[in-house]
Amino acid sequence: MKISFQFSLLLCSILIILFSCSNREGFSELPDQEDVEVMVTYEPNLKDACIACHITETPGVVETYAKSEHNPSKVSCRACHVAQEGDPTAQSHNGFTITKVPSPNYCAVCHPQEVAQNNNSKHAWTAFIGQYKPYYAEARKLGLDPLAQETAKLLDPEKMAKTVLSPLVPDSGILKRIGLLDDPEYHHNNVTLGCSACHGTFVIVEDDGSITGLPNVGVGRVNADGSLGSCSSCHTRHLYSKEEARKPETCGQCHLGPDHPQHEIYSESKHGNIYGAVGETWNWDADDWGPDDIDAPTCSTCHMSQFGPVEATHNVGDRLYWELQPKTSVPQWKGPDEVDFVLERVPDPEQAASGRKEMLAVCTQCHSTNWAEGHFREFDMVVEDYNKVWSYTDNLLMEAYEKGLVSKDNPLDETSEIYHYLIWHHSGRRWRMGASMMGPDYTHWNGAIDTNMRYLGLMINDLELREMIKNK
Ligand code: HEC
Ligand code: HEC
Ligand code: HEC
Ligand code: HEC
Ligand code: HEC
Ligand code: HEC
Ligand code: HEC
Ligand code: HEC
């Protein structure tokens with residue numbers, strides 16, 4: 001395969017040089033079918049018009065494509081890039097009508113199940129759950145379709161995300177205080193290159209045909225054809241590989257940092273240690289993945305992969321019990337197929353219990369039921385402890401508002417408000433998430449200690465001081 005590809009590249013380059021001297025303009029004068037067959041032995045037929053140019057224009061694309069499973073399976077450039085009817089991103093390109101940003105609708109032609117599962121996940125919806133929530137709520141309020149291009153052009157989701165005073169964009173409190181929140185000269189571009197890089201942008205085809213919101217492969221990208229998500233978040237173009245998606249670094253691109261340090265937690269867990277020590281010997285691209293291929297699980301093993309008898313899922317919520325990210329942890333919320341997911345948060349204990357069962361089925365491929373259940377027993381108690389501390393913290397701030405110790409008008413600019421935020425959003429998440437995935441340091445030092453001693457301790461002292469000053 002490799003040899004014939006390199007050989008064909010050589011032939012191909014020669015032919016292209018000859019051919020491109022006589023013609024750079026149009027597709028109509030491309031070499032005929034026979035020449036193309038010789039040029040590109042790994043992909044016959046006229047489809048290769050794309051490759052004929054792109055082998056020199058963007059060789060990196062063609063080289064990577066040649067290594068992918070799509071190449072031997074004869075999934076051509078055109079299979080993904082020829083624009084579907086009604087896709088606003090369609091553009092004419094050397095005799096073809098292509099899209100430069102094939103959405104999951106294009107993959108769905110051949111991978112309907114993965115796309116359907118992904119559509120039902122928080123991944124697909126996370127731009128709306130995240131930075132575009134104010135936009136989504138406003139569109140619904142006006143009775144408009146939040147996924148429609150017209151609505152996005154009218155309301156400008158990216159701009160709304162940048163100028164709203166909200167814990168969604170936590171520095172908005174201080175920016176408001178110092179007068180930068182509405183300053184047209186302040187770009188807030190950490191939102192575009194931060195939030196939207198992970199959560200996804202809104203891809204908008206402007207009236208002059210230009211496309212905004214690209215490049216972006218955020219996991220909840222809102223595509224111009226109304227579909228949600230970007231498969232490239234985990235399967236980068238043009239490798240489209242299972243192996244890549246099964247490795248923890250792929251998830252760790254977004255799942256890291258002070259508020260959701262899953263990658264760090266995994267790295268410090270026994271599982272992550274084993275991956276680091278012997279992972280390179282594992283069988284990463286097996287079709288039927290199971291305990292004979294790996295010694296310890298990765299993110300995808302526990303959350304997504306087919307593993308032994310456990311079926312694969314592209315809905316990353318399918319194997320969870322808790323919501324560990326909100327202020328108070330509750331069983332998993334009902335999904336987008338049941339409720340208006342972004343705005344309605346309805347705990348679904350039944351789905352949560354089935355998620356726990358599914359996760360346990362993964363663990364028990366390698367552990368006894370006792371061992372695995374022992375872990376969950378301890379973990380659930382951590383979640384309960386956190387909830388107790390949170391309830392105390394939240395009451396404390398509400399009381400302080402009532403007593404007039406803290407002013408309510410800007411919710412994110414006073415010491416106690418800032419600690420209140422850091423407790424649920426940063427340290428309290430680390431505490432819960434560390435415990436869920438066997439990260440002892442994140443459970444204790446970065447979790448419980450930062451929550452109880454550091455932020456809550458400082459908050460209590462701040463409020464006591466304010467009370468003393470007030471009573472003086
Ligand atoms: C006659 C040569 C030629 C042919 C045929 C051709 N392309 Fe291109 N294509 C180019 C060039 C040149 C560029 C611009 C590269 C650059 O900007 O560096 C390009 C750019 C692109 C882009 C990126 C567009 C953007 O705005 O970012 C895509 C996607 C693409 N081509 C896909 C295809 C596909 C799919 C086919 C076959 C259906 C194809 N091309 C056929 C020459 C060609
Ligand atoms: C399995 C589907 C698939 C196939 C097959 C495919 N592409 Fe793509 N291609 C994509 C997707 C998806 C993107 C955009 C990535 C994104 O933004 O999500 C893309 C992006 C591109 C770009 C822009 C990349 C950049 O970084 O500027 C070019 C150029 C391109 N494709 C050319 C090709 C050519 C040439 C072939 C055939 C050798 C090909 N593609 C085959 C799905 C595909
Ligand atoms: C025309 C049909 C077709 C389209 C369109 C298509 N694929 Fe595929 N894909 C295949 C075939 C065939 C295979 C190889 C057999 C298999 O694994 O199912 C494959 C395999 C894969 C694999 C597994 C590769 C591996 O390592 O085993 C991934 C991941 C994948 N495709 C992702 C995508 C994504 C993402 C898109 C859209 C951007 C897409 N495909 C578009 C047909 C298609
Ligand atoms: C480094 C990537 C990254 C950046 C940057 C990022 N997020 Fe997130 N965000 C995540 C991940 C990963 C989660 C999932 C946390 C979890 O469930 O454990 C998340 C969770 C969330 C949630 C909670 C969703 C829920 O179901 O309750 C919201 C809201 C959110 N982010 C909004 C934002 C906003 C707004 C910004 C920018 C101000 C932002 N995020 C920046 C990756 C990121
Ligand atoms: C959050 C990361 C992630 C995203 C986003 C993602 N995938 Fe996957 N995908 C995976 C993982 C992990 C696997 C390997 C599953 C396994 O081990 O069984 C996989 C496997 C696949 C396979 C191979 C299935 C098989 O049985 O061989 C296909 C096809 C696929 N994905 C298509 C898609 C499509 C289409 C999208 C976009 C709708 C997508 N994926 C988005 C992580 C992802
Ligand atoms: C040993 C299996 C295992 C591995 C490996 C693993 N996880 Fe988890 N993960 C879990 C369990 C168990 C939970 C908690 C499930 C529950 O709520 O009952 C969880 C929870 C989560 C959550 C949900 C947090 C929330 O907001 O509710 C995210 C996100 C997550 N994991 C991502 C990852 C990522 C990314 C990796 C790899 C860097 C990873 N996980 C590795 C088992 C695992
Ligand atoms: C491009 C960024 C990105 C990548 C890559 C990514 N995620 Fe996520 N993930 C997110 C964001 C953002 C959320 C928050 C979703 C929400 O709650 O709105 C999330 C949420 C989750 C959740 C919680 C789902 C729920 O229903 O509560 C799990 C579990 C998860 N991801 C696992 C993974 C795994 C496993 C991988 C790798 C195979 C992965 N993610 C790759 C951004 C990403
Ligand atoms: C692919 C096999 C595999 C899977 C799947 C797996 N584990 Fe493990 N796990 C291991 C191995 C191997 C060790 C190391 C045992 C040792 O220390 O000798 C381990 C260690 C552990 C430890 C001990 C951690 C420590 O710090 O000492 C716990 C707890 C654990 N696993 C729980 C789980 C849970 C819960 C699940 C499912 C969510 C799970 N494991 C899934 C293979 C697996």
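Of the 472 residues of the chain, 36% are buried, a residue being classed as buried when 20 or more other C-beta atoms lie within 10 Å of its own, as exposed when there are 12 or fewer, and as partly exposed in between, with C-beta atoms placed from the backbone. The model is predicted: local features require pLDDT of at least 70 and side-chain atom pairs count only at pLDDT 80 or more, whereas totals for chains, interfaces and linings use all residues. Residues are numbered from 1 along each chain as its sequence is written, and chains are lettered from A and ligands numbered from 1 in the order in which they are written. The secondary structure comprises 22 helices and six strands, taken as DSSP runs numbered from the N terminus (helices, H or I, at least four residues; strands, E, at least two). The C-alpha trace spans about 90 × 60 × 35 Å along its principal axes. Among contacts between residues at least 6 apart in sequence, 56% join residues at least 24 apart; two residues are in contact if their C-beta atoms, placed from the backbone, lie within 7 Å.

The shell around ligand 5 contains 23 residues, of which Cys231, Cys234, Ala245, Ser300 and Ser305 come nearest; a residue is near a molecule if its C-beta atom, placed from the backbone, lies within 6 Å of it. Helix H6 (104-108), helix H7 (112-119) and helix H14 (242-246) each contribute at least two residues to this shell. By class, the shell divides into ten nonpolar, ten polar and three charged residues, where Ala, Val, Leu, Ile, Met, Phe, Trp, Tyr, Cys and Pro count as nonpolar, Asp, Glu, Lys and Arg as charged, and the others, Gly among them, as polar. Ligand 5 lies between domain 2 (114-233) and domain 3 (238-472), because both give residues to its shell; the domain bounds come from an automatic or database domain assignment.

Ligand 8 is surrounded by 19 residues, the closest being Lys270, Pro297, Cys363, Cys366 and His375. Two or more residues of the shell come from each of helix H17 (270-278), helix H18 (299-303), helix H19 (349-363) and helix H20 (369-403). Twelve residues of the shell around ligand 8 are nonpolar, five are polar and two are charged.

In H17, the buried residues are His271, Gly272 and Tyr275. They cover an arc of only 95° around the axis, which places them on the same side of H17; the arc is that of the directions from the helix axis to the C-beta atoms. These buried residues pack against helix H15 (248-252) and helix H16 (262-268). The face turned away from the buried side of H17 carries the exposed residues Lys270, Ala277 and Val278.

Helix H3 (residues 49-57) and helix H4 (residues 59-67) pack at an angle of about 115°, with their axes 5 Å apart. Axes are lines fitted to C-alpha atoms, for helices over the stretch in contact, and angles run from 0 to 180 degrees between N-to-C directions. Ile51, His54, Ile55 and Thr56 of H3 meet Pro59, Val61 and Val62 of H4, giving a contact of five nonpolar, two polar and no charged residues.

Cis peptide bonds join Leu214 to Pro215, with omega about -5°, and Arg237 to His238, with omega about -5°. Asp156 has a positive phi of about 55° although it is not a glycine. Asp156 occupies the loop between helix H10 (149-155) and helix H11 (157-163), and its 14 C-beta neighbours inside 10 Å make Asp156 partly exposed.
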